[in-house]
Structure formats: C-alpha cells, structure tokens
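Here's a quick tour for anyone meeting this protein for the first time. Have a look at the picture, then read on.

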Amino acid sequence: FVKVPQHRLMEVIQVDGAVKYISFEGKPAAIPEEQIDNLKLLVNGEADIEVTGELLAPGDPVEVTTGSLRGLTGELIKLKNKNKVVVRIDRLDVNLVVSIQKAFLRKLR
C-alpha cells in the first residue's frame with residue numbers, strides 16, 4: 001500500500017516487487033488507514049487461537065485488547081461452531097476471518 005499523489009502513480013508501480021494498483025472503474029482505490037492497519041496486524045500476528053466463552057454476541061463490533069493482534073478491530077461472527085473476528089476490508093470486497101479468544105476481545109460501542 002502506498003499513499004502518493006496522482007502524478008506519481010506510474011513512478012511507484014515501477015518499484016521492484018510492485019505488481020499493480022487495486023483499482024475500481026479504472027481508478028486507484030483509496031483504502032482507509034484503519035483497514036491497512038488491520039491487515040498489518042493480521043500479517044504480523046499469530047491468529048490461530050482457540051475460542052472460549054464470553055458475553056459477546058454475533059454482530060458485535062469488537063477490538064482485540066491482548067496479544068500480537070492488539071488493536072485489531074472487526075465484527076464477531078459464528079462460523080463452524082467457533083466464534084471468530086471478521087475484519088472487513090470493504091474496498092477490496094474481501095472479509096478476512098481470524099480465530100481469537102473471546103477473553104482477548106472487548107465490545108466496541
């Protein structure tokens with residue numbers, strides 16, 4: 001992910017390792033900073049944690065308060081009889097699903 005003015009887009013794509021821009025309708029997509037931060041937490045974290053009981057309900061917005069994913073925000077859902085945190089990356093039309101202990105979560109208001 002890069003944050004550059006329109007006139008430098010071609011210059012950036014020529015950097016080694018750059019593949020392409022994420023775009024919609026032919027224009028580079030602006031990904032909100034919070035969603036980029038969530039991706040960084042997922043990439044750098046240890047996300048395969050078993051879930052335990054807690055007074056949270058599916059649909060609750062939550063934030064991770066402990067561990068390597070601290071600061072990650074998402075929505076609590078139920079998948080295959082396990083509670084999971086879904087981090088929505090709206091502009092990419094993708095949902096990232098990560099297992100996390102409920103004890104590591106707090107409900108956002």
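## What you're looking at

This is a predicted model, so local features need a pLDDT of at least 70 and side-chain atom pairs count only at pLDDT 80 or more, while totals for chains, interfaces and linings use all residues. Residues are numbered from 1 along each chain as its sequence is written, and side-chain values use heavy atoms, with hydrogens and water left out.

The protein averages 76, and 79% of the residues score at least 70. Among the elements, helix 1 has the highest mean pLDDT, at 87, and strand 5 (residues 82-89) has the lowest, at 65. Over residues 49-54 the pLDDT is below 50. Even so, beyond near neighbours in sequence, that stretch has 15 contacts in the model; a contact means heavy atoms within 4.5 Å.

## The layout

You'll find two helices and seven strands here. Both kinds of element are DSSP runs numbered from the N terminus, with helices (H or I) needing at least four residues and strands (E) at least two. Reading from the N terminus, the order is α-β-β-α-β-β-β-β-β.

The protein has 109 residues, and 28% of them are buried. Here buried means under 20% relative accessible area, exposed means over 50%, and partly exposed is in between (1.4 Å probe, protein chains only). Looking at contacts with a separation of 6 or more, 51% are between residues 24 or more positions apart.

## The salt bridges

Side chains of opposite charge can pair when their charged atoms come close. The rule used for a salt bridge is a side-chain nitrogen of Lys or Arg within 4 Å of a carboxyl oxygen of Asp or Glu. By that rule, the count is four. One of them joins R8 and E11, with the closest N and O atoms 2.6 Å apart. R8 is partly exposed at 34% relative accessible area, and E11 is partly exposed too, at 45%.

Another salt bridge brings together the side chains of R106 and E63, 2.5 Å from N to O. R106 lies in strand 7 and E63 in strand 3, so this pair ties together parts that are 43 residues apart in sequence. E63 counts as buried, at 18% relative accessibility, whereas R106 is partly exposed, at 41%.

D60 and K107 also meet through their side chains, at 3.5 Å from N to O. This pair links distant parts of the chain, 47 residues apart: D60 is in the loop between helix 2 and strand 3, and K107 is in strand 7 (residues 105-107). K107 is partly exposed at 41% relative accessibility.

Is D60 buried or exposed? It's buried, with a relative accessible area of 11%. Not counting residues up to four places away in sequence, D60 touches G74, E75, L76 and K107.

Q35 sits in helix 2 and counts as buried, at 10% relative accessibility. Q35 and L72 are 37 residues apart in sequence, but their C-alpha atoms are 9.2 Å apart in space. S23, in strand 1 (residues 23-24), is partly exposed at 39%. Leaving aside neighbours within four places in sequence, S23 is in contact with P28 and A29.

## The largest pocket

Rolling a probe the size of a water molecule over the atoms shows where empty space is left. On a 1 Å grid over the protein atoms alone, a pocket is an open set of points where a 1.4 Å probe fits, with protein on both sides within 12 Å along at least five of seven lines; lining residues have an atom within 4 Å of a point. The largest pocket holds about 680 Å³ of space, where grid points are joined across faces, edges and corners and the volume is the space filled by probe spheres set on the points.

The lining divides into 17 nonpolar residues, one polar and four charged.

Note on methods:
Ala, Val, Leu, Ile, Met, Phe, Trp, Tyr, Cys and Pro count as nonpolar, Asp, Glu, Lys and Arg as charged, and the others, Gly among them, as polar. pLDDT is the predictor's confidence in each residue, from 0 to 100.
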